[in-house]
Amino acid sequence: MDFKVFEIYEPTSEVAELWESSFGDGREFIFEFYERMPVHSTVICTADGKTVGMTVLLSLSGAYYGYAVCTDSSFRGKGICRRIHEYIKEKCEREGLEYFIHPAEPSLVAFYEKLSMKPVLSSYEGVIVLKRR
């Protein structure tokens with residue numbers, strides 16, 4: 001399988017489809033999110049041309065915030081998220097920026113720690129904000 005990771009600067013129907021299937025948000029919300037939020041880009045991973053993973057990068061002061069991090073369920077366990085986060089790590093190193101995420105569930109913290117992220121802040125819900133080491 002031919003995997004490629006790159007950035008896009010406008011949402012596509014494949015990105016919206018993956019987001020919708022992963023989180024249940026409707027397309028209207030997804031496209032409005034791109035219009036209203038400080039979206040820098042979306043880092044996607046494709047497998048033989050099909051979008052199978054993504055992370056939306058929101059621009060913050062001196063950092064990117066990863067949002068809507070997801071992988072197509074049929075591609076989980078194939079290193080898609082690792083590929084995307086390696087791309088983001090290199091991008092942040094080149095640009096001198098930090099990278100943060102807020103996992104959707106506390107159970108994901110250990111997963112992100114394997115991707116060289118570390119806890120930096122606990123929220124009132126017990127979910128941890130992670131930062132690239």
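Phenylalanine 29 counts as partly exposed, because its relative accessibility is 38%, and buried would need under 20%. Keep in mind that this is a predicted model.

Which ring does phenylalanine 29 pair with, edge-to-face? That would be tryptophan 19: the two centres are 6.3 Å apart, with 75 degrees between the planes. Tryptophan 19 belongs to helix H1 (residues 13–23) and phenylalanine 29 to helix H2 (residues 27–36), so the pair ties together parts that are ten residues apart in sequence.

Is tryptophan 19 buried or exposed? Its relative accessibility is 0%, so tryptophan 19 counts as buried.

Tryptophan 19 also makes an edge-to-face pair with phenylalanine 33, at 5.2 Å centre to centre and 70 degrees between the planes. Here, too, distant parts of the chain get linked: tryptophan 19 is in helix H1 and phenylalanine 33 in helix H2, 14 residues apart. Phenylalanine 33 has a relative accessibility of 7%, so this residue counts as buried.

Zooming out, ring pairs join Trp19, Phe29, Phe33, Tyr34 and Tyr67 into a cluster. Across the whole structure, the search turns up eight aromatic pairs.

## A charge over a ring

One more contact involves a charge. Which ring does the charged end of arginine 83 sit over? It's the ring of phenylalanine 3, with the charged end of arginine 83 lying 4.1 Å from the ring centre.

Technical notes:
Residues are numbered from 1 along each chain as its sequence is written. This is a predicted model: local features need pLDDT of at least 70, side-chain atom pairs count only at pLDDT 80 or more; totals for chains, interfaces and linings use all residues. Side-chain values use heavy atoms; hydrogens and water are left out. Rings of Phe, Tyr and Trp (its six-membered ring) pair if their centres lie within 6.5 Å; planes under 30 degrees apart count as stacked, over 60 as edge-to-face and the rest as tilted. Helices (H or I, at least four residues) and strands (E, at least two) are DSSP runs, numbered from the N terminus. Buried means under 20% relative accessible area, exposed over 50%, partly exposed in between (1.4 Å probe, protein chains only). A charge sits over a ring if NZ of Lys or CZ of Arg is within 6 Å of the ring centre and within 35 degrees of the ring normal.
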